[in-house]
Amino acid sequence: MASRPTDHMIKCMARLIEDGDVVYHGLTSPLPVLAMALARRVYGVDFTWASVVEHLEPRVEAVRLAPSTGDPYTEPEPLGVLTTIDAFDLAAKGRLTTMFFGAAQVDEEGNTNLTAIGGYDKPRVKLPGGAATAYLFPLVPKLIIWARHEPRVLVPRVDFVTGPGRVRIEKGFRHLLCTNKALIEYTREGPVLRMLLPGVTVEEVLSNSSMRIRVPRGGVETLDPLTPEEEKVIREHDPEGLRYLQRMG
């Protein structure tokens, strides 16, 4: 079966994990889990695996997606346990280096919304809430936000700031957005297009966003298509195709 935009997003996120990172994912994170598995098994990245499951360094070959990424059986045979409160303590000390966050909306300053669409007092849509998003955003040096590339998601200004992006940019932290069309990096000058996903054009990236995205004059590279090995590893960790329930294509 040919790889799909969802699989390209997983590869894009996996490529952002680097040697020495201490990486953490939260609930409802099927794509980040697969990105971490891909980074470890295919790219050989030497990072520390931690998550909301509270298993530290699970045996990666045994990781299997389940409907809930909070299910401890998704990440079995860990070397140890890292409680959520201890993980947050690591973040406060600057030792939790990389996290993934989903978003219902993300704007030109990198703010994310997981709280409400419309007014806060009378929302059109009440979202699940940000859990520790507001606490962790100013602390973790590298954040990888993942979201659907649509005009109603990539907006000039979010309806409610759950995760504050501006404070991160002012601190010089890395603030990245991986969509099902592109990789975008936030800078002091605003969001900049860094990479296209396979089969996507610059015009598609811009026309499917209502927030402004800068395009470098020198052009933008395109992510390589998935290799047979990358496709094989993703399927091994998600044989039922639960990743496609995120509706990223």
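I began with F160, which is partly exposed because its relative accessible area is 29%, between the limits for buried (under 20%) and exposed (over 50%), taken with a 1.4 Å probe on protein chains only. This is a predicted model, in which local features need pLDDT of at least 70 and side-chain atom pairs count only at pLDDT 80 or more, while totals for chains, interfaces and linings use all residues. Residues are numbered from 1 along each chain as its sequence is written, and side-chain values use heavy atoms, with hydrogens and water left out.

I next looked up the partner of F160, and found that its ring and that of Y120 have centres 5.1 Å apart and planes at 25°, so the pair is stacked. Rings of Phe, Tyr and Trp (its six-membered ring) pair if their centres lie within 6.5 Å, and planes under 30 degrees apart count as stacked, over 60 as edge-to-face and the rest as tilted. Y120 is exposed, at 53% relative accessible area.

By this rule I count 4 aromatic pairs. Among them are F47 and W49, whose ring centres lie 6.2 Å apart with planes at 20°, so this pair is stacked too; both F47 and W49 are buried.

I then turned to K11, which counts as buried at 3% relative accessibility. Leaving aside neighbours within four places in sequence, K11 is in contact (heavy atoms within 4.5 Å) with residues including L38, Y43, D224 and E230.
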